[in-house]
Amino acid sequence: MTATVEFLPIDTLKAQADRLIGRKRLIGFAAPLVILAYFVYLFFAFDIPGLVDRARMDNAAILVADSYSHKTHITHDNRNGGLVFAIEGEAKGRYPADMRPEFVTPIGEDAVRVELKAGEFAEIEGSTLRYTRPDYGTVTVRIEGREIILDTPDGNVPDWIGASSTRVNITGEGGRAAVTRARTEVFRYSFGWELFWFTLDSPFYGKSFSELVGLAMSGDRIVGEKSNFAAMVHDFWNNPMWRHKDVVWAIFETILMAFLGTMGAALIALPLAFLAARNFTRLMSVRFAVRRVFDFVRGVDGLIWTIILSRAFGPGPLTGALAIMLTDTGSFGKMFSEALENVDDKQIEGVRSTGAKPLQRYRFGVIPQITPVLLSQVLYYLESNTRSATVIGAITGGGIGLLLTQAIITQKDWEEVSYYIMLIVLMVIFMDWASGVLRRRLIRGKTNGH
Amino acid sequence: MTDVTLGHSIGGQRSAEIQQAYMAMARTKRMYGGIMLIIFIALMTSGFMLADSRNAGGFWNGILNVFQFPGEVISEASEKVALIPALMVKFFPSLIETINIAAASTLVGGLLAVALSLLSTRGLARFPALIGVFRRLMDIMRAIPEIVIALVLIFVLGGGPVPAMIAIAFHTTGALGKLFSEVNENASQKPLEGLESTGASWSQRMLLGVIPQVAPNWLSYALLRFEINIRASAILGFVGSGGIGYDLKNAFSWGQGRYDEVAAIFILLFLTIVFFDQLSSHFRNKLVTGA
Amino acid sequence: MIWGICVLRIDKLTKRFGANAAVENVSITIEGSAMIGVIGASGAGKSTLLRMINRLADASEGAIWYQDREVTHLTGKAKRQWQSECAMIFQQFNLVPRMDVVSNVLHGTLNRRSTLATLFNLYPTEDIHRAIDILDRLGIAENAPKRAEALSGGQQQRVAIARALMQDPKIILADEPIASLDPMNAQIVMDALRRIHDEDGRMVIANLHTLDTARRYCDRVIGMRKGRVVFDGTPEQLTTGVARDIYGAGAEFSEATTSTDIAALEAGREALPA
Amino acid sequence: MIWGICVLRIDKLTKRFGANAAVENVSITIEGSAMIGVIGASGAGKSTLLRMINRLADASEGAIWYQDREVTHLTGKAKRQWQSECAMIFQQFNLVPRMDVVSNVLHGTLNRRSTLATLFNLYPTEDIHRAIDILDRLGIAENAPKRAEALSGGQQQRVAIARALMQDPKIILADEPIASLDPMNAQIVMDALRRIHDEDGRMVIANLHTLDTARRYCDRVIGMRKGRVVFDGTPEQLTTGVARDIYGAGAEFSEATTSTDIAALEAGREALPA
Amino acid sequence: QEFTEFRIGILGGENAQDRMTSNECYRAKAEELLGVPVKLFTPADYDGVIQGLLGGTIDMAWLGASAYAKAYLTDPEAVEPIMVKTNVDGSYGYHSIGFARKDSGVTSLDDMKGKVFAFGDPNSTSGYLIPSIEIPAATGATMESGDYFGEVKFVGGHEQTIVAVANGDVDAGVTWADGMGAWEDGYNSGALRKASDAGLVDMNELVQIWKSKPIPEGPIVLRTSLPERVKIDITTLTASLPYMDPDCAYNFMAGEALGFQPISHDDYISIIEARKSKM
Ligand SMILES: Nc1ncnc2c1ncn2[C@@H]1O[C@H](COP(=O)(O)OP(=O)(O)OP(=O)(O)O)[C@@H](O)[C@H]1O
Ligand SMILES: Nc1ncnc2c1ncn2[C@@H]1O[C@H](COP(=O)(O)OP(=O)(O)OP(=O)(O)O)[C@@H](O)[C@H]1O
Ligand SMILES: [Mg+2]
Ligand SMILES: [Mg+2]
Ligand SMILES: O=P([O-])([O-])[O-]
């Protein structure tokens, strides 16, 4: 071998090496350049410059702020009179007549002062609103006849106030206020998910954790016949603001869709996969037909199947489960038939040589071989289908996906949105973990091919 | 191993013991097997019944009507079959947008996944103490369904392809990152050590020692993901992220009178998925067997 | 042994794969509980012959008779019945690696038991006991609950023999049963086969790669070359020259084809009690 | 050689893995361009010692000094700088198998190049030419464009040496460089190492499994046992008794521990020109 | 198919949970009256409800006129209209309102040339059907992207349209309102009023650029194949709801209204024709 060195002059070798490195250099430059060029194309195709203009960072701020805080509406009804305090302005978040938020202080008949943040405060007196910002002064909005009048210290309208003769909006740093002929309203943001545990009408509202534990322990009953603990659970479970019961049901429905869909698909795909495997079905035409069916049901996304199935089955988790089942029958069919094509013939032949019947041959020659592949695929899909079920639910099925998309579309309850997102993430992580545990247990632990 | 030579069987008594022990084991196993089977069947049937009762329509009534809707679509589409090619051309730009979303998100997600996977593989990590952090990060990225991110981003950025792209890329990062780090774990440490001994920096070691080893497997996973992302980007069109899914949803939604559009989009989408499926399985075979 | 009680008669048997004949015009008659060794170079057709007897492969021409049954034309139930009577042992053991040893042995009863029961792994207790007895006889009863894949090669082959015995077969076909084993395990396995033959009086036909094994364990040796029987006689008749013919080899024979060299064969023969 | 010009001083070096000390309290001073052989039974701590010198492993206690630099406490850039000065050759070559030979050799210059430059293969032409020259010197220049994995073991090890030379190191550490090679290739590789030592005047420290190699190629031999240095002297001082001590072996020594038996060692010593 | 369950489908407009809550009292009354379980379903869009009615999995829904037309055109036998909501003044109509951001400078359709225009749901009467017929008549050009408007797209529903316009994602869009009361309040009722009340938009920042002719209010429909008794019971219940339980009626009708009055298929023929023209 060393002999050839003498025949190939070293300069030739050097030139060769230069060319080699040069070629690699070219590829090294070309690949990132191609990617870069593609990104440049996308930059314009996706209209990124326009996007930057359109991006509403204030929306992002609202989203973030709302996800960890809540707002309380302090409303004066200008037509019928009367002051109302309600969390998120919702009827079910309304303070009973004898209760008021601690940042609201009565300053007279039909008049309150609302402490806002950043040193700002607002006063409502009848239909008149006075909004005070420490660095600016006090703005007064009052209703005169059919007109809404805005008075500012310097007579100009600053950019944080939107004013017309029929409506005035004030967006301060520590709160918001709006006046129309119908009502005068102040909005105050506070930290936390208010009413998450109990709504205002529950006797347990506003109690600290230790008080609640004490109540749960104590014998004297607050609510009728129920024990305190049962009453607490009941009030929490039926919380009309956060609707924990419905949310839990929705999560459960989502997992149910994933479970039924995945398992159903596996049960259907297994026998069909034999028809699609070269070594079990000699007939080319059958194989081809079955494979194309697999391709078809797999190629159409589960979501589209949901739409197609919604006519026959209507909205609900069953429709979602069937849609997942259809898609996954395709995926499983393809994967199982590939696993079947890779089985070791020796084992089958061993079983066959004893005079075993065909079904027994499959049971002992084939199934034990493909079980690990099968199980691990099925469990992997179970986890990933929890996510698909969320998406499918968003369109027709129901479940947590529907709650989430609706909450996002109405763009109102971002704290609920973040609650749902958290639950979804926890749900998927849980399914991921559970399927991992099962996979390890079933595949390594068991000695039998069940 | 003590191979008892033939003839030295352990004798009747031991044999009986073994029989006992085995029978006991077989019984437990049978019992466990039986219990698992019963649990599984119970879960399936009760799950089915529950889903059936919470659904608007029942399974047994519905199953008779499954072909009603597809039937309507197909009959209208076949009446207007002549229009379909033109419609396919009309929707082609949307298809390109969908494919672009998928390609861009696979690329971006893939590149991020490379970095995250290297940072979270034992033996390779730049900051071994942070492995757990990066892994959880990937778990969370994987766990959030695309649609969630897309919807939130649509709120901030407005509709269009970018929210979908970011949403899918985000999810892809988590999904591919996990797969990549599994691949990395099987990479041989030897070339790495060789490079380290020359005084190569971490990024050089990864670039020259790890990537050449794992690139084919990475690529194979990325191609698989690309396919999945095409579907995902079509789906995100349903919630207002543009692309072919948007057209499909509107046509589907309007219903009768536009089923020819449904058919055209369907054909386009299906052909695309089959095309990329074939293309990527071709490349994957080549990469894994060849190279 | 009474003549005509158990006769396996192979009659002008031929097996073609395309143009190539793997087994060609082979006729052999085996009576009683003989222990037969089949030798021949790789590709001589030994495996194909055994596989046709067990009906894992179909013959192209000719017939196999057992007693008054024509084996080659059996189908369905009758064919499976035949397979259960004529057990096969493979070079690679062909067990189900993920299942435990006893379950593997119990596969020998599949032909007799109802499909439904076996699908759920439900075997009668007496079968399980018998399986463990057989394992005990082969010295591997302790391994009964282990997975087959957890065993060494020699142990796995003995499980395969146990499965064969579980079939309670008239004939045991062994296709290079010791080719994957180290010398020590090989000896254990061949001893077991011989003992089964001697004690149970079952017919054993074993394909063997090494001449000295054939010579040492078999009553009769059949030599095959390119699909044809080129030798049929006692081990004593198997001279170096004959062996060279069978393997179609020249002087380089000893190293190339078998694991035992001719010198050892000669030496071994002399060592045998006459 | 001038005293003090290149001194590697290992001072009470200890490396513990949990409770177990792989290297314990080792002190060695090496001056000038010596060629040192380190011998010892498997697990004696040879590899760990070399890995600590190259800073692939961190010492638990003690220090390594090179000239006036304390090597054991270098980090980041300085550590990599040191690694580039002290090249390492591994038993399994540790090349990047899917890359071509020249690129593998060029990896010896990585310490001098930025990541970006390596990403785009921006090696200067003179480096490329020098790589070829080095390969040529080791007699494998014509393999330059091939993938490393396509080469034989001996060739791969020479590529590894070329990579080491490319670093232009002061010290070459070789961890059992010939343990994976057949005798012929082993000789080629050891010859190459010796030649590098002789011609370039680089310090070479080689872990060796076989006594006769150490004896034949090294100026000084260090024997390790259970992490401690138990012998340090010239090859001539390495008697059978000393070797038995190093390997902690009794009379069965010759077979068990090294590939060369003591008899051969004795024989070899006599054959050496005095 | 026996009658064991009564299923009500509810169209979008609020999030699924709120829809459930608003209609809970109606559900309970229906359950009491019919003696079978009554369930509420809240599919994500108009089509989900329509498909349910067509497939027989939903028995009752309050549809928009165009959605009813779709159900009718797909299967004339599927559903029959029974009632319609009447406004406080006794009329039963509303308007499709085109609107834009005030700061965009758009004040009429004329300013919209080459700009982005948004529809809501394809099955919405006010969010698509009527404007897609009346606007081309006003502009003299089709609604194809690039013909008069630079781009025309569907954003999914009334809420999304309002948000898209307010965010500036689109230059103008259409949604529904009763057309009574003040613009600054978002009119007396409609999607704009709801969004304004929820603090989603500041009506001062929006301007109206177009208003359709009156659109007939959508009908409450029942599946034709329901037992006659059920149809009568539900009709009676619905008609008497405002008298029996005004609070419940307020929730069910999503605001102030006079009540319900019977309506028949013939009242929707013009809408059906309109929809047919778009097919
Ligand atoms: N399934 C098959 N298809 C085609 N040819 C086959 C097949 N099985 C065997 N053959 C051919 O038939 C001939 C005999 O093969 P056989 O396996 O019987 O030989 P053998 O004597 O058992 O050899 P070995 O010692 O390698 O096992 C060989 O040429 C082989 O290539
Ligand atoms: N990473 C590690 N973790 C734990 N113990 C280790 C590690 N590396 C080496 N050891 C232990 O340190 C001791 C010395 O190992 P080392 O590899 O240095 O020995 P060696 O002399 O090179 O042996 P060999 O001839 O087998 O290469 C051994 O007992 C080994 O088990
Ligand atoms: Mg063979
Ligand atoms: Mg070592
Ligand atoms: O049909 P609409 O109620 O959306 O106008």
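Chain A of this predicted model averages a pLDDT of 82. Of its residues, 94% score at least 70. Among the elements of chain A, helix 7 of chain A has the highest mean pLDDT, 91. The lowest, 47, belongs to helix 1 (residues 3-7) of chain A.

Now the interface. Chain A brings 66 residues to the contact, and chain B brings 60 residues. About 5800 Å² is buried between chain A and chain B. Carbon and sulfur atoms give 75% of that area. Which residues of chain A lose the most area to chain B? They are A:Phe46, A:Arg311 and A:Phe313, together 12% of what that side buries.

Polar links also join the chains. There are 14 residue pairs in polar contact between chain A and chain B, both residues at pLDDT 80 or more. Salt bridges between chain A and chain B number 3. One of them pairs the side chains of A:Arg311 and B:Glu72, at 2.9 Å from N to O.

Helix 7 (residues 244-276) of chain A supplies the largest share of the side of chain A that touches chain B, with 9 residues. By class, that side of chain A has 44 nonpolar, 11 polar and 11 charged residues.

Technical notes:
Residues numbered from 1 in each chain as written. Chains lettered and ligands numbered in written order. Heavy atoms only, no water. Contact = heavy atoms within 4.5 Å. Buried area = accessible area lost by both parts, 1.4 Å probe. Salt bridge = Lys/Arg side-chain N within 4 Å of Asp/Glu carboxyl O. Polar contact = N/O pair within 3.5 Å; in protein donor to acceptor, adjacent residues only side chain to side chain. Helix = DSSP H or I, 4+ residues; strand = E, 2+ residues; numbered from the N terminus. Nonpolar A, V, L, I, M, F, W, Y, C, P; charged D, E, K, R; others polar. pLDDT = per-residue confidence, 0-100.
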